[in-house]
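Please keep the sequence and the model in view while reading.

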Amino acid sequence: MGWIEFILVLVVLTNLKLLASSRLGASIRVVARQGLILGALPLLAHQDALSLQHVALAAGSGVIKGGVFPWLLFRAVREAELTREVEPYVGYLTSLLAGVGALGAAFWMGTRLPVPVEVVSRWLVPVAMFSILSGLFLIISRKRALNQVLGFLVLENGVFTFGAGVLVETPQLVEVGVLLDVFVGVFVMGIIIFHINREFDHIDTDQLSALKD
Amino acid sequence: MILALLIIPALAGLLAFGLPTPKARRALLLITAAIHAGLTLACWRIAPQPILRGWLALDEAGLWFLSITSLLFLAVAVYAAGYLASESNPRSTDLEEGFLFDNVPAAVFVGCLLLFLTAMTLVTVSQHFGLQWVAIEATTLASAPLVYFHRHPRSLEATWKYLLICSVGLALALLANFFLAMAAAGNGPNSHSLMLSELVARAGELQPAWLRAAFILFLVGYGTKMGLAPLHTWLPDAHSEAPSMVSALLSGALLNCAFLGIVRAQQICVAAGCDAFAGDLLVALGLLSLGVATIFIVGQADYKRMLAYSSVEHMGLLALGTGLGGIGVLGAMLHAANHSLTKGLLFLTAGNILTRFKTKSAAHVSGLRQVAPVTGVLWLTGFLAITGLPPFGIFLSKLTILRAMFNGGHWWIATGTLLCLTLIFVGMARVVLNMTLGEPPPTTASSSPPEQPWEIGPPLVLAVIVLLLGLAIPGPLNTLLTQMTTTLGGGR
């Protein structure tokens, strides 16, 4: 088992931890760590032909996901004076069981879509799929706007795992653009959360229900 | 030329954040919109050279959607300039619930409008799938502050839904890009390239399983942003809570950008020979969108939401036309233009109604003809145009899409579509006629301000264009449409 497998196992474990976690602060830290760990993935995938751009991109992604995002989110928690409970719609144990189910589904999907090129690890596709499914589940099953942002980040990390690990040649321009979009996206979400808190004195999205047919 | 199309609005947008005087900002908005429209018009005469190793180029579909966006933006810019000039009071009273709220600072509003234009322009000129994704995501980010122009809880709720649902959709579309790269992988050097032209040229070598998975994700991802049912849930909220000129842009320009993303993916599927698979999916989502829109339009009490659901309906028609292929593609492209301009007309008119009656509830609006005569006529005209009555453009494009159904022998699809269209006509007629005719409420009749030129000018121009498009399609437009249909693989 090489370094890449080690990273991928860590990603699976962080996802499971998130699904079972009842603490908001812990969840933010787990997502930050996951982002930081994944920053190393492009470096390991490009071991043979490592260029300065790859290093810069890995460093940029690590700093943004491991440093800037948790700082932004912790600030939102402080300003909003949130209690530290996650407040899920779905219980923690059920979430965890759903996660295990998703892991199985992800590995099944991995067998259905065989990768036509040499990849660094056979586990890449299933683990990426698992992150995507976990992210979607977290967005649907959590009440708080902040937790939905965390779910979105996990989803994005899954897509990133696939992109960074499987594709050896992604144009730098696109990678930078993707990183920038995600950064601005979370930034805007942070601002909106701040406003939601100011208007409603909480950030539970189940209270956002004035608009419907 | 392409560079100028991108850089001018981008710089103007950044400049708008810093300009201190409202007058200068409004002038900047108008001038930039005019320059953008002028450059777009110039692209019709002289085809611009591709730049950045072909990453940025203007093909037929790109030019088509760029022109729609640019024209609509110009109309909206004129309206917005007048609106901002009249709305000098920083605190406004909520029109429905009567509490006070702030607006987003005008500098941010104008800046975001221009950046939104930049992002949409980038979508139309991108020839690289990755770059196109970046641009479509940028349109979401630039327009989110616009939806939240009126800072009150309802628009906040709408903005949050818009941002989160579209972000999730676009994350899936990013995965679709990676899947597409995977489908192209293993074909020798540079096979990871996501250039549209290369993918089309070598479509036969693509791995079918990955290509199909990629198309499904594209459809889900960009379909969310385009407002195809069942992924449309953000759309009615964002369209009804955004200021009317922003709704016009969202409905007329933004949805088209996402549609272009799907069209590009479909183009590859056609070239790779799995157009039947892609077409069936598009037809299924299109029919579902039509059905959902019908259910929510009939009996809709809020006239802005009614227009929003009408957008879902027309996006469904676009998906149907594209999915059927052949002449359906031509119909869909023509329909995209007709719908954008008509919906722009309707949303701007809805803005006029909202400022006079101070309610979005259709039941509380009556006697529009007496309160604001021109607006009343425009509202009625827009209704006749959007439901596809002759001699307006939508009649022609709807007929073309229906003809594609009959040509292909899809009788059930045609019956379902006609049934939905009829029900929508009846549902909208009830609302619109009740609003236009009758006696106005006494308070509104006495206090209503006269109609300003900026309020009626832009929608009037849009109405004239939609009417002309229904009477005759000019030669250059016709040539472009035919070429586009061939390129987009209308051979099914």
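## Salt bridges in chain B

K161(B) and D237(B) form a salt bridge, with their closest N and O atoms 2.8 Å apart. A salt bridge here is a side-chain nitrogen of Lys or Arg within 4 Å of a carboxyl oxygen of Asp or Glu. The pair links distant parts of the chain: K161(B) sits in helix α6 of chain B and D237(B) in helix α9 of chain B, 76 residues apart. Helices (H or I, at least four residues) are DSSP runs, numbered from the N terminus.

This is a predicted model: local features need pLDDT of at least 70, side-chain atom pairs count only at pLDDT 80 or more, and totals for chains, interfaces and linings use all residues. Residues are numbered from 1 along each chain as its sequence is written, chains are lettered from A and ligands numbered from 1 in the order in which they are written, and side-chain values use heavy atoms, with hydrogens and water left out.

K161(B) is partly exposed, at a relative accessible area of 22%. D237(B) is buried, at 2%. Buried means under 20% relative accessible area, exposed over 50%, and partly exposed in between (1.4 Å probe, protein chains only). Both residues belong to a network of salt bridges that links E157(B), K161(B), D237(B) and R305(B).

E241(B) takes part in two salt bridges, one with R154(B) and one with K360(B). R154(B) lies in helix α6 of chain B and E241(B) in helix α9 of chain B, 87 residues apart. K360(B) lies in the loop between α13 (327-357) and α14 (368-371) of chain B, so its bridge to E241(B) ties together parts that are 119 residues apart in sequence. E241(B) is buried, with a relative accessible area of 5%. R154(B) is buried too, at 10%. K360(B) is also buried.

| Salt bridge | N to O distance |
|---|---|
| K161(B) and D237(B) | 2.8 Å |
| E241(B) and R154(B) | 3.1 Å |
| E241(B) and K360(B) | 3.2 Å |

Over all chains, the count comes to ten salt bridges.

## Where chain B meets chain A

How many salt bridges are there between chain B and chain A? The count is zero. One residue pair is in polar contact there, both at pLDDT 80 or more. A polar contact is a pair of N or O atoms within 3.5 Å; within protein, one must be able to donate a hydrogen and the other to accept it, and residues adjacent in sequence count only if both atoms are side-chain atoms.

The contact (heavy atoms within 4.5 Å) takes 46 residues from chain B and 45 residues from chain A. The area buried between the chains is about 3,900 Å², and carbon and sulfur atoms give 81% of it. Buried area is the accessible area (1.4 Å probe) that two parts lose on being put together, summed over both. E157(B), W160(B) and F178(B) supply 18% of the area that chain B buries against chain A, more than any other three residues.

## A buried leucine in chain A

L19(A) is in helix α1 (residues 3-20) of chain A. At 1% relative accessibility, L19(A) counts as buried. Its C-alpha atom is separated by 6.6 Å from that of Y92(A), 73 residues apart along the chain. Leaving aside residues up to four places away in sequence, L19(A) touches several residues, among them Y92(A), L96(A), F137(A) and R142(A).

Methods
Helices (H or I, at least four residues) and strands (E, at least two) are DSSP runs, numbered from the N terminus.
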